[in-house]
Amino acid sequence: MTIANRYIGAAIERVEDLRFLRGKGQYLDDLSREGLLHAAILRSSVAHGLVRSIDAVSALALGGVHCVITAADMGGAVPRIPIGLQPLPVLEPFHQPVIADVKVRYVGEPIAVVLTNSPAIAEDALELIRVDIEALPAVVDRRQAASNETLLFEDAGGNLAIRYTASRGDAAAAFEHADYTRQEGFSAQR
Amino acid sequence: VEGLSHDAELTPLQAAFRKHHALQCGFCTPGMIITAHALLSAEPEADAARIQEVLSGNLCRCTGYLPIVEAVMHARAAYRRRP
């Protein structure tokens with residue numbers, strides 16, 4: 001039995017193209033609802049540091065600003081972001097907070113969220129928030145991390161989150177009988 | 001771009017974009033279409049290098065640009081026929 005198909009090998013026109021080609025595409029930014037607020041996130045410009053203070057008084061005084069949310073507004077422990085792929089208990093001490101609390105650990109980490117009447121006001125409000133961060137040494141490579149001279153998560157007691165090996169088949173025998181072997185070290189940017 | 005086609009039919013340029021898959025998310029498409037329309041209205045003989053040069057002010061993160069240039073090349077014939 002054969003089943004006729006209309007797709008494979010055929011030039012298929014996309015149904016969504018018409019609105020895009022006519023300038024009628026709608027995106028998240030086009031969303032407008034009653035009472036809609038816009039958020040902007042103040043992010044760390046420091047790779048590693050202690051958050052000494054966050055002063056949002058001027059930002060809150062700006063017209064159209066509803067609130068500025070920081071870790072202090074979380075009411076207790078700041079929630080941590082779980083690891084979706086292979087969640088393991090050993091990784092939990094290294095889970096990052098949803099918003100920086102006592103420390104920042106990378107450039108771009110969220111420090112404060114402003115909610116305002118418009119995106120423009122949100123951007124302006126960010127510039128009015130004063131953050132005092134005491135910079136700590138940044139840990140930028142594996143060897144420096146392995147030395148444990150600078151800890152990112154003090155409670156973990158070290159920078160090594162997990163050590164594991166993976167193999168498939170009889171790798172040792174394959175290397176032993178190989179005509180040529182070579183050993184290399186590889187590094188990734190993260 | 002809303003004023004480009006007043007009836008149900010796509011203009012040849014819009015149709016070429018659809019035919020050549022010169023759009024995916026469509027966010028950059030109005031800018032691409034209007035820029036290409038302005039170019040072909042003035043220079044219906046524009047070659048690929050010229051089209052790339054003129055479209056270079058518009059960013060597209062979906063297509064890789066090649067289908068857009070192909071679509072504009074394809075639409076040139078319709079602009080040549082104009083009075």
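This is a predicted model: local features need pLDDT of at least 70, side-chain atom pairs count only at pLDDT 80 or more; totals for chains, interfaces and linings use all residues.
The residues lining the second largest pocket are Arg80(A), Glu92(A), Pro93(A), His95(A), Asp101(A), Val102(A), Lys103(A), Arg105(A), Phe153(A), Glu154(A) and Asp155(A). Sorted by class, that lining has seven charged residues, three nonpolar and one polar. As for volume, the second largest pocket holds about 150 Å³ of space.

Now to the place where chain A and chain B touch. How many residues does the contact take from each chain? Chain A gives 12 residues and chain B gives 19 residues. The size of an interface is often stated as the accessible area that is lost when the parts come together. Here chain A and chain B bury about 1,300 Å² between them, and 53% of that is on carbon and sulfur atoms.

Next, the polar side of this contact. Between chain A and chain B there are eight residue pairs in polar contact, counting pairs with both residues at pLDDT 80 or more. On the side of chain A that touches chain B, six residues are nonpolar, five are charged and one is polar.

Side chains of opposite charge can pair when their charged atoms come close. Over all chains the count is 11 salt bridges. Why does the pair of Arg18(B) and Glu13(A) join two chains? Arg18(B) lies in helix H1 of chain B, residues 12-19, while Glu13(A) lies in the segment before helix H1 (17-21) of chain A, so the pair joins the two chains. Between chain A and chain B the count is one salt bridge. In the salt bridge of Arg18(B) with Glu13(A), the closest N and O atoms are 3.3 Å apart, and the cut-off is 4 Å.

Key: Residues are numbered from 1 along each chain as its sequence is written. Chains are lettered from A and ligands numbered from 1 in the order in which they are written. Side-chain values use heavy atoms; hydrogens and water are left out. Contact means heavy atoms within 4.5 Å. Buried area is the accessible area (1.4 Å probe) that two parts lose on being put together, summed over both. A salt bridge is a side-chain nitrogen of Lys or Arg within 4 Å of a carboxyl oxygen of Asp or Glu. A polar contact is a pair of N or O atoms within 3.5 Å; within protein, one must be able to donate a hydrogen and the other to accept it, and residues adjacent in sequence count only if both atoms are side-chain atoms. Ala, Val, Leu, Ile, Met, Phe, Trp, Tyr, Cys and Pro count as nonpolar, Asp, Glu, Lys and Arg as charged, and the others, Gly among them, as polar. On a 1 Å grid over the protein atoms alone, a cavity is a set of points where a 1.4 Å probe fits but cannot get out, and a pocket is an open set with protein on both sides within 12 Å along at least five of seven lines; lining residues have an atom within 4 Å of a point. Grid points are joined across faces, edges and corners, and a volume is the space filled by probe spheres set on the points. Helices (H or I, at least four residues) and strands (E, at least two) are DSSP runs, numbered from the N terminus.
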